[in-house]
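Colleague: I would like to go through the labels on this model and hear what stands behind each one. Please set each value against its cut-off.

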Amino acid sequence: MLRPVVDLCNERADLRAHLNYLRMTSIDSVQDLAARTSEIIDSCSFQPSLVVIVGGSGYQLAYHVDRRWPGIPQILSGEIPYYCDDSYTLYGKADPDAARYPVQDMRDKGLNVTLIHAPAMVEQTVGLMFTLQPEIRRFLFIAGENFQSKDPQLRLERFLAERHPDVEYRPVFSSELTTDELIALLGEEQFPGTGVLFASWLTHQDYLETINSRNNITQVLESIAPIYTIFQCDLSRDQNVVGYFSYDHGQYYKLFRQRLAEVLDEHLRPAIIPITNLEVGCPSVNWHAMEMFGLDTERIPEDAILFEAPQTLWEAHKPTIMWAAFFLLVGLGLFVYYVMRQSVNSLKKANEIAEKGNQMRTAFVQNISHEIRTPLNAVIGFSQLLCLPDDYTSEDEKLEYMEYVTNNASLLTVIINDLLSLSDMENGRFGVNIAPCNLNAVVRLAIKSIEYRIPFGVELVRRPGIPEDLRLEADGMRVQQVLINLLTNACKYTEEGTITIASSLEENPGYVTFSVADTGPGVPKEKAEEIFERFAKLDNNKQGAGIGLTICKLIATNLNGEIWLDTDYTGGARFVFMIPYVESADQR
């Protein structure tokens, strides 16, 4: 949790850092804690511009710091949104009646502090355990004598009593069992009927020994039983830990750096900076551990971050697929180019019909010819580089060339699909196929189709508002086509920030409403209707034929729905697409 501070100090020569560890479990009494706190404060030979306290067991030190340097800016970061009396932060078991004071109390008493609350996802992790091991009838909680084990224990017991009252629960404390006895206990359990949640195995006695061997203890336990952890762990190191639920650590890092900059560079007072609670992230699951303990990998949540997952067909045969796709797309590109050349001749003849029609078709050919030649030249050029002898190009360069070939080949496919849809539209063959479908699955497929287009530094956020099991009457392929077009446009115009795809049943009653919003430059209000016309492009430097939104408009009309630009949205561009809400027969 200190990484943002350490990285900032390493980056900036103007910052001087003084780092100390409190080692709460090694302290015997409140008096010893006070002495240790004074020792830490006295060891700082200068008055700092900012004090950072990491870990819920140390929040109350803010009072000691403020007495030494009145009004000094302080940032607290930890797993709880409150602080406790000094005596409760020392070693010992959890106490539901222990005094807990919100961090806001510190502000009310004049301390210049703010808080980044990075919670322990106890309830979410337990929910993950029952998802992956629905057979659980006995639950073990492995807890140390440190403060970080206390309140997670109380939250766990409350959650089990409310949600799983029939499950036998047993806390296992490091103060009551030796490591060998714990190993023996786990060896007698029946899995997957027993769930094991690991918090810590620190003890007050022999503190230095247990802190040094903590990682080894975890690795021993995870080889015996399917272990889950309350806090994030490195699944590349703890290869048999099944999983955990955690907040987004990238968000935590970014937020912490922001707070440091606000205090050190912008000179904001922490007391006026909002107390921040990190949002719930997603589960991390170890595929190898699931298989090792005979757990059903089909139960892994779709949004889970997977470790040690088996290779997909694409990963296993990527070079072969790449070359096959390359030759196919080159041939297809040449065919399309030939067709477009024929279209040029046809368009020239159309001059006899109307000058206006001729100008429109000429513009179309010029635009499409440019849009096809650009990626086609890239495909051919980088393919020639791939054919050079091994001595001329390194493996890293070949991988880079393959990525260019893939991206430009995908762009050719998008242009060709749009051309085919436009052709069907002009010939009256453009139709829809209404059938029962799961629109949540449609959204996921659309996201999967454009994931590789998302620019570096841009976050794609999905906000589902439709029940997962709801099936509606709609043309899933056409809905997916619209969403892919909208997401592709968002990727083109968003260089930083977020792209948000949302669905709702309440925004327009009687309709299913989808929206795609980005943090790009936006669209002028006066262009809100023009952008849905054929070949309309706000930025000619962006790739594309300018017919994607035209096709989206056509699909919306054929589905008895609507699509429009939300001109009230000021954070970028937001497109709204809605279709009638019609439940399928098997849903009624």
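Modeller: Go ahead. Keep in mind that this is a predicted model.

Colleague: What makes Glu 176 and Lys 93 a salt bridge?

Modeller: The closest N and O atoms of Glu 176 and Lys 93 are 2.3 Å apart. The cut-off is 4 Å between a side-chain nitrogen of Lys or Arg and a carboxyl oxygen of Asp or Glu. The pair therefore qualifies as a salt bridge.

Colleague: Which parts does that pair tie together?

Modeller: Glu 176 lies in the loop between β7 (168–173) and α8 (179–188). Lys 93 is in the loop between α4 (86–89) and β4 (100–102). The pair thus links parts 83 residues apart in sequence.

Colleague: Why is Glu 176 called partly exposed?

Modeller: Its relative accessible area is 46%. Buried means under 20% and exposed over 50%, with partly exposed in between. Glu 176 therefore falls in the middle class. Lys 93, with 43%, is partly exposed as well.

Colleague: How do you know that Arg 155 forms a salt bridge with Glu 123?

Modeller: The closest N and O atoms are 2.7 Å apart, and the limit is 4 Å. Arg 155 belongs to helix α7 (residues 150–163) and Glu 123 to helix α6 (residues 122–132), so the bridge ties together parts that are 32 residues apart in sequence. Glu 123 has a relative accessible area of 24%, which makes this residue partly exposed.

Colleague: Where do Glu 262 and Arg 259 sit relative to each other?

Modeller: They are 3 residues apart in helix α10 (residues 249–264), which separates them by about one helical turn. An α-helix has 3.6 residues a turn, so residues three or four places apart point the same way. The side chains of Glu 262 and Arg 259 meet in a salt bridge at 3.1 Å, N to O.

Colleague: Are Glu 262 and Arg 259 buried or exposed?

Modeller: Buried. Glu 262 has 11% relative accessibility, and Arg 259 has 6%.

Colleague: What joins Arg 12, Asp 14 and Asp 265 into one network?

Modeller: Salt bridges that share partners. Over the whole structure, the search finds 19 salt bridges.

Colleague: What makes helix α18 (residues 548–558) largely enclosed?

Modeller: The count of buried residues. 8 of its 11 residues are buried, so the rest of the structure largely encloses the helix. Among them are Leu 549, Ile 551, Leu 554 and Ile 555. Just after α18, Asn 560 takes a positive phi of about 60 degrees.

Colleague: Why is His 267 called exposed?

Modeller: Its relative accessible area is 64%, and exposed means over 50%. His 267 therefore clears the cut-off. The residue is found in the loop between α10 and β11 (276–277). His 267 and Pro 73 are 194 residues apart in sequence, yet 9.4 Å apart in space, C-alpha to C-alpha.

Colleague: What makes up the nonpolar surface patch, and how does Leu 332 come to be in it?

Modeller: Leu 332, Phe 335, Tyr 338 and Val 339 make the patch, with an area of about 370 Å². Leu 332 is in helix α13 (residues 318–349). A patch residue needs over 30% relative accessible area. Leu 332 has 32%, so this residue passes, and it counts as partly exposed.

Colleague: Which residues line the second largest cavity?

Modeller: Met 322, Trp 323, Phe 326, Ser 383, Leu 386, Met 402 and Val 405. The elements giving two or more residues are α13, α14 (355–386) and α15 (395–426). The largest share, 3 residues, comes from α13. The lining has 6 nonpolar, 1 polar and no charged residues. The space inside is about 50 Å³. The search finds 3 cavities of 30 Å³ or more.

Colleague: How many residues line the second largest pocket, and which element gives the most?

Modeller: The lining has 39 residues, and Cys 282, Glu 459, Leu 460, Val 461 and Arg 462 lie nearest the centre. β15 gives the most, with 6 residues. By class, the lining has 17 nonpolar, 11 polar and 11 charged residues. The pocket volume is about 1,800 Å³.

Technical notes. Residues are numbered from 1 along each chain as its sequence is written. This is a predicted model: local features need pLDDT of at least 70, side-chain atom pairs count only at pLDDT 80 or more; totals for chains, interfaces and linings use all residues. Side-chain values use heavy atoms; hydrogens and water are left out. Helices (H or I, at least four residues) and strands (E, at least two) are DSSP runs, numbered from the N terminus. Buried means under 20% relative accessible area, exposed over 50%, partly exposed in between (1.4 Å probe, protein chains only). On a 1 Å grid over the protein atoms alone, a cavity is a set of points where a 1.4 Å probe fits but cannot get out, and a pocket is an open set with protein on both sides within 12 Å along at least five of seven lines; lining residues have an atom within 4 Å of a point. Grid points are joined across faces, edges and corners, and a volume is the space filled by probe spheres set on the points. Ala, Val, Leu, Ile, Met, Phe, Trp, Tyr, Cys and Pro count as nonpolar, Asp, Glu, Lys and Arg as charged, and the others, Gly among them, as polar. Patches are made of residues with over 30% relative accessible area and no salt bridge: like charges are joined within 9 Å, nonpolar side chains (Val, Leu, Ile, Met, Phe, Trp, Tyr) within 5 Å. Accessible areas come from the Shrake-Rupley method with a 1.4 Å probe; for residues, only the protein chains shown count as cover.
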